[in-house]
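Here is a friendly walk through one protein model, written for someone who likes geometric criteria spelled out. Have the viewer open as you read.

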Amino acid sequence: MSEKFELFRLSLMARPQRDLILDDPKGDPTKEEYLRKVFSKKYMVSHRGTEFYYVPLPSDKKMPPFLGGRIGRSFENIEFTPPDQGFNESLHKGWKALAIVLDPSPHDDGQKIAVEVNREVGQAAAILGSLIERINQEDDAIYMIDYRPIIDAETFWQFAKENKGNITNLKFEFTAPNMFGGRDSIQEELRAFRDNERAQKVSIALTSPDGINTDTERVHEGVDYAEKGGGDITARTKNNRRYNSKNKVKITHIAIDSTSSESKLSQILNLARNVLGHE
């Protein structure tokens, strides 16, 4: 049995205003420590009018390299009794949930989260967004968490190639750097906005009725940064063809042994590096 996951990057920014009671005499936890803390708690999450519940997977390790959990909702189905019982209607109640795997560490490919794809539960990105919104509402939230899809940059370059000279609108929406170690001009400018203006997000919009040149160093840097999960890209052409990186999320697949005595989530965590697309 094959399971599919969508990949996202988490960004953490210090909360600009917070109660003094939140100050710890030992200092603030690191971003990794904070992620470990908040994704190890249970939450009730309101998502589009429906109650979802996030439940972390307990670990027997003090500092497991990866965290796991599930987020799901209740459901009801009308089923039928066997034919010798007359195919009578029977209401079946149960739960459906998505598996979540998180690498909370700060290395170049860390702060990365994978969400199982199962349309019967809901859209992975939207459900993750509601969970993060709930975490950010906690009274002791000293960081604000943002998430962005990790995209397949080749999809943008294919769009640019097919529409060369016809792209009239190109927009990047970046999160300010909080972990990437690069030093290109885009990241330097974003760091400056973060440090000086305290910006958490920065948008750059390019427009030209004559067509935008996408084959420049600055555009390449922007796409590279977005590809890591640092932002979103949208584009539109003269004839209204559109590109949206939110629809181009990177996907990973793993095989699950349905005959194993090990739970599905435990198998997923054992394959966490594959789930998260770590090289």
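What follows covers a sheet and its helices, then aromatic rings, then charged side chains.

This is a predicted model, in which local features need pLDDT of at least 70, side-chain atom pairs count only at pLDDT 80 or more, and totals for chains, interfaces and linings use all residues. Residues are numbered from 1 along each chain as its sequence is written, and side-chain values use heavy atoms, with hydrogens and water left out.

## The sheet and its helices

Let's begin with the strands. Helices (H or I, at least four residues) and strands (E, at least two) are DSSP runs, numbered from the N terminus. An open sheet is built from four strands in the order β9-β8-β10-β11, with antiparallel pairing. Two strands are taken to pair if DSSP finds at least two bridges between them. At the edges sit β9 (201–207) and β11, each of which pairs on one side only. From one strand to the next, the twist averages 5°; axes here are lines fitted to C-alpha atoms, for helices over the stretch in contact, and angles run from 0 to 180 degrees between N-to-C directions.

Strands β8 (residues 167–175) and β10 (residues 231–237) run antiparallel and are joined by seven bridges. To find one place in this pairing, look at L170, whose bridge partner in β10 is A235.

Which helix packs on the sheet, touching β8 and β10? Helix α5 (residues 217–230) does so, and its direction makes about 50° with that of β8. Contact means heavy atoms within 4.5 Å. Helix α3 lies across β8, β10 and β11, and runs at about 165° to β11.

## Aromatic rings around Y243

The structure holds ten aromatic pairs. Rings of Phe, Tyr and Trp (its six-membered ring) pair if their centres lie within 6.5 Å; planes under 30 degrees apart count as stacked, over 60 as edge-to-face and the rest as tilted. F156 and Y243 are edge-to-face, because their ring centres are 5.5 Å apart and their planes stand at 75°. With F156 in helix α3 (residues 153–162) and Y243 in strand β11 (residues 242–244), the pair ties together parts that are 87 residues apart in sequence.

F159 counts as buried at 5% relative accessibility, and Y243 counts as buried at 4%. Ring pairs link F156, W157, F159 and Y243 into a cluster.

## Charges, paired and over a ring

The model has 17 salt bridges, each defined by a side-chain nitrogen of Lys or Arg within 4 Å of a carboxyl oxygen of Asp or Glu.

| Side chains | N to O distance |
|---|---|
| E6 and R119 | 4.0 Å |
| E32 and R36 | 3.2 Å |
| D232 and R148 | 2.3 Å |

The pair of E6 and R119 joins strand β1 (residues 2–14) to the loop between β6 and α2, across 113 residues.

E32 and R36 are four residues apart in helix α1 (residues 31–38), so about one helical turn separates them. R36 is buried at 12% relative accessible area.

D232 in strand β10 and R148 in strand β7 (residues 143–149) tie together parts that are 84 residues apart in sequence. D232 counts as buried at 6% relative accessibility, and R148 is buried with a relative accessible area of 4%. Salt bridges that share partners join D146, R148, E173, D232 and K246 into one network.

Finally, visit K96, which lies over the face of F75, at 4.5 Å from the ring centre. A charge sits over a ring if NZ of Lys or CZ of Arg is within 6 Å of the ring centre and within 35 degrees of the ring normal. E120, in the loop between β6 (112–116) and α2 (124–136), touches R73 and K96, not counting residues up to four places away in sequence. The C-alpha atoms of E120 and K96 are separated by 7.8 Å, while the two residues are 24 residues apart along the chain.

How values were computed
Buried means under 20% relative accessible area, exposed over 50%, partly exposed in between (1.4 Å probe, protein chains only).
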